[in-house]
Amino acid sequence: MPADGKGNRPGSDGAARWLARLAMVSAVAAVGLLVAAGGLRGVVLVAVAVAGAGAGLAGVWAALAYRGARRVLAGLVAVAAPVTVVVLYAHAGLLLVALVCAGLWALAVTAAGAALPRPGTAEHAVAAPPRHPFLIMNPRSGGGKVERHDLAGKARALGAEVVLLEGPREVDVAALAQQAVRSGADLLGVAGGDGTQAAVARVAVEHDLPFVVVAAGTRNHFAMDLGLDRRDPARCLDALTDGVELRVDVGWAGDRMFVNNASFGAYAEVVQSPGYRQDKAATALDMLPDLLAGRDGVALRLSTGGTKVTGAQAVLVSNNPYASNDLVGLGRRERLDGGALGVLAVTVNNAADAAMLVRGTRSERLTQLTAGAAVVEADAPSVPVGIDGESVLLPTPVRCRIQPGALRVRVPRSRPVRRPRQRVDWRRLWRLAFTTGGDRTAPTAGEDRRS
């Protein structure tokens, strides 16, 4: 049954109300069981668990920010903190109780997510099969998924022209796509990483052509948020014969388009390093201490609307916001057609600041909001920026913006869409569960999530 504009399904209010009640009962049971079984000890151990999580975060930050013996010590703290919490619960005889409470809490969150409405998904229209589809495939992406799933052979059997990115030399995929358009291609597609997808998607935007994503990369964030099957990328090719078309947004950082995000600060500086591709872990561990301490890199200033952030170690600007329970912007986006950028800035100067991140989006060290545009400035003529995982240098200030509905994405009619969990609004849940009118109002796309 189709959802309305608020994400509701007709006739679903009764089920939603009972799910809300299940969530509230499970949450109360989780807290009540811990208090009943452990009394004051249970309350104290909850505080210990929170403190242990904070100590673990502080240890991780210090392990990245220091070198030598201090790095080793910080690493030990990062490991010892959660282990100590488990040992204390076991010693108090409450480990099994804690696991049951955790299960009840997980049930509460799951039921709450099913009860509360979510923003509606992108509108789609049934699409006629293309006459001349053109696909670029990278055999090296995703550990060889193109060959393992015979993606080129299956695409050609469906009438597609396929170009494989073989050989040691870098290939300008955007130029390949432009040439294909001049030769009559009426659909462009990519089986490869997010960076390759973004480059070809820009050509699709310029010519207003449909674009197909084949989940053959390593992480496939864009494919995941489109609801595509990442375990069986060959299913993505169904879009060529039995597809529907979505209109999704794209983001811009300066003159560079992105489908996922643009990252500024420590991550972008590390990726820009010449040694990163040869040894990613060693390069990051060598560079991060100076970057996090402010001895290397550039000081970032973020401004969007009435919000200004200075001294952030990392700024992430995404094409639509990530789920609000996603601390570092590596999870999923609720939708790709909300018409707003997600903006996340982290300002951590020491281990105590890192420990405060245990509060998530309520932490003063984390700024998370949505906006139509954002500006990143620095005391340098240019800054490294990670555009969908590819490092580039952009002149400052870097102006980021959203372009709503710019990309026509062709996806299979049948695809395993899974929605990310959002932070539970317990007040709305209570009203839905126990008041006469309930509360079925969906959050707006531009809702500010700043702490």
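Modeller: Buried means under 20% relative accessible area, exposed over 50% and partly exposed in between, with a 1.4 Å probe and protein chains only. The model is predicted, so local features need pLDDT of at least 70 and side-chain atom pairs 80 or more, while totals for chains, interfaces and linings use all residues. Residues are numbered from 1 along each chain as its sequence is written, and side-chain values use heavy atoms, without hydrogens and water.

Colleague: Which exposed residues does helix 4 carry on the face turned away from its buried side?

Modeller: Helix 4 covers residues 95–115 (helices are DSSP runs of H or I, at least four residues, and strands runs of E, at least two, numbered from the N terminus). Its buried residues are Val97, Cys101, Ala108, Val109, Ala111, Ala112 and Ala115. They sit on the same side of helix 4 because they cover an arc of only 165 degrees around the axis, taken from the directions from the axis to the C-beta atoms. The face turned away from them has the exposed Leu96, Leu99 and Thr110.

Colleague: Which strand gives the largest share of the lining of the largest cavity?

Modeller: A cavity is a set of points on a 1 Å grid over the protein atoms alone where a 1.4 Å probe fits but cannot get out, and lining residues have an atom within 4 Å of a point. Here 10 residues line the largest cavity, with Ser318, Tyr322, Gly342, Leu344 and Gln368 nearest its centre. Strand 11 (314–319), strand 12 (341–346) and strand 13 (366–371) each supply at least two residues. The largest share, three residues, comes from strand 12.

Technical notes: The expected span of a helix is 1.5 Å times one less than its number of residues. On a 1 Å grid over the protein atoms alone, a cavity is a set of points where a 1.4 Å probe fits but cannot get out, and a pocket is an open set with protein on both sides within 12 Å along at least five of seven lines; lining residues have an atom within 4 Å of a point.
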